[in-house]
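User: I am new to this structure and would like to learn how to read it step by step. Could you take me through its features, giving the general idea before each case?

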Amino acid sequence: MTQAPATPRRALRHHDREIVALALPAFGSLVAEPLFVMVDSAVIGHLGTRQLAGLGVAAALLTTAVSVFVFLAYATTAAVARRVGAGDLSSAIRQGMDGIWLALLLGAAVIVTVLPTAPWLVEAFGASPAAAPYATTYLRISALGIPAMLVVLAATGVLRGLQDTKTPLYVAIGGFTANAALNAGLVYVAGLGIAGSAWGTVIAQCGMAAVYLVVVVRGARRHGASLRPDAAGIRACAQAGVPLLIRTLSLRAVLMIATAVAARLGDADVAAHQIVLSLWQLLAFALDAIAIAGQAIIGRYLGAGDQDGARAACRRMVQWGIASGIVLGVLVVLARPLFVPLFTTDPAVRSPLLTTLLVVAITQPVAGIVFILDGVLMGAGDGPYLAGAMVVTLAVFAPAALTVPALGGGLVALWWAMALMMTTRMLTLWLRTRSGRWIVTGASR
């Protein structure tokens with residue numbers, strides 16, 4: 001019997017090593033990000049219910065503001081990786097600096113907007129009169145750290161494009177540790193209350209941004225890249241980010257519609273929905289880590305002009321996505337009896353929750369494909385298609401979700417609408433990757 005050629009197996013092992021080397025640290029840094037809010041919640045929770053309620057409103061506003069600009073990481077990763085593949089490290093870091101300058105400009109614009117409008121924003125998000133002053137205080141102070149948060153996003157994209165996901169992990173761990181220590185010290189020892197928690201987070205975020213800047217500046221000096229702001233480069237970064245901004249806003253609209261529909265189904269259903277959504281987002285971290293590896297790897301292959309390598313890497317990552325989705329789905333099913341009691345003992349909440357988790361489990365392989373192909377097309381710089389595909393997905397999901405209450409459906413029906421949303425995303429992304437139109441080689445798209 002003849003043996004299969006060794007070369008394909010070696011190629012697969014090479015892709016696997018690259019994916020693991022990039023995805024594992026990326027997963028760690030992704031998980032570290034929400035821990036900032038968890039630390040703040042744990043510290044402020046001991047101050048009182050009003051303070052904790054105020055934090056909840058302010059944190060929701062801050063998370064929304066920062067997530068809108070996540071394109072700073074995605075677009076920068078793709079652009080830098082292309083230039084790395086082309087062998088032009090100086091240009092790669094120069095491209096990254098343009099992204100960092102854009103982050104600073106956007107952060108300054110957010111500060112100017114949030115500081116005077118903080119009380120109105122807090123009221124619009126439904127804060128009670130008792131919690132509103134605490135929410136306003138936390139929001140105004142934390143807004144001062146938004147430029148640092150956006151620099152962290154852009155600089156993370158630079159390092160991912162340089163095929164380095166370990167440094168962001170180390171910085172995230174350091175930032176989390178500093179945040180925890182500063183929160184405890186400023187809130188309890190210094191007696192600053194909720195303001196101390198906000199200042200602790202701002203200082204930790206500024207420290208993270210400073211570390212990133214040191215790393216990027218050293219790289220720039222090593223490879224002779226300019227650090228000065230370049231208007232044309234910053235404008236190009238902004239233009240590349242617009243389609244990804246549209247994609248992100250469309251995805252946020254999907255989640256907001258789902259929550260609004262769940263609220264109309266009743267208290268038990270909306271409570272179960274929030275639990276399911278938190279688990280769904282946690283599972284997304286694992287899949288998004290592979291997608292981040294895809295952004296970096298695909299961008300590098302296309303920058304090097306290696307179409308075959310890009311296609312092979314895409315196929316292998318899709319296999320990883322499907323396998324990861326199956327494993328996560330099985331874990332959800334097996335963990336249901338342990339997971340549900342952690343969050344609720346109310347039978348009215350547990351009943352829809354148990355069934356809805358089965359829907360989540362079934363759709364995990366689909367989610368695996370979606371996240372991977374999303375990362376592949378981001379790495380290829382195919383932002384306009386991603387924006388259009390997400391708008392189409394929103395157009396399919398919105399009527400399906402909004403008719404759930406009218407037809408007498410419950411939470412399970414709503415999450416089948418979410419499954420329809422993910423299936424639509426999968427089809428639009430699969431059609432694009434199958435067409436090959438995403439494969440555009442060169443140092444820039």
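**Reading burial, salt bridges and patches**

Analyst: Arg-432 is buried, with a relative accessible area of 15%, where buried means under 20% relative accessible area, exposed over 50%, and partly exposed in between (1.4 Å probe, protein chains only). This is a predicted model, in which local features need pLDDT of at least 70 and side-chain atom pairs count only at pLDDT 80 or more, while totals for chains, interfaces and linings use all residues. Residues are numbered from 1 along each chain as its sequence is written, and side-chain values use heavy atoms, with hydrogens and water left out.

User: With which residue does Arg-432 form a salt bridge?

Analyst: A salt bridge is a side-chain nitrogen of Lys or Arg within 4 Å of a carboxyl oxygen of Asp or Glu. Here Arg-432 pairs with Asp-382, and their closest N and O atoms are 2.7 Å apart. The two are 50 residues apart and link distant parts of the chain, since Arg-432 belongs to helix α14 (residues 411-435) and Asp-382 to the loop between α12 (347-379) and α13 (383-406). Helices (H or I, at least four residues) and strands (E, at least two) are DSSP runs, numbered from the N terminus. Asp-382 is also buried, at 3% relative accessibility.

User: How many salt bridges does the structure hold, and which parts does the pair of Asp-16 and Arg-316 tie together?

Analyst: There are 7 salt bridges in the structure. In one of them, Asp-16 meets Arg-316 with the closest N and O atoms 2.8 Å apart; Asp-16 lies in helix α1 and Arg-316 in helix α11, so the pair ties together parts that are 300 residues apart in sequence. Asp-16 is buried at 18% relative accessible area, and Arg-316 is buried at 19%. Arg-247, Asp-374 and Arg-425 are linked in a network of salt bridges.

User: Which residues make the nonpolar surface patch of about 350 Å²?

Analyst: Patches are made of residues with over 30% relative accessible area and no salt bridge, like charges being joined within 9 Å and nonpolar side chains (Val, Leu, Ile, Met, Phe, Trp, Tyr) within 5 Å. Accessible areas come from the Shrake-Rupley method with a 1.4 Å probe, and for residues only the protein chains shown count as cover. The nonpolar patch consists of Ile-322, Ile-326, Val-330 and Leu-334. Ile-322 sits in helix α11 (residues 307-343) and is partly exposed, with a relative accessible area of 32%.

User: How many helices and strands does the chain have?

Analyst: Its secondary structure comes to 14 helices and 0 strands, and 51% of the 445 residues count as buried.
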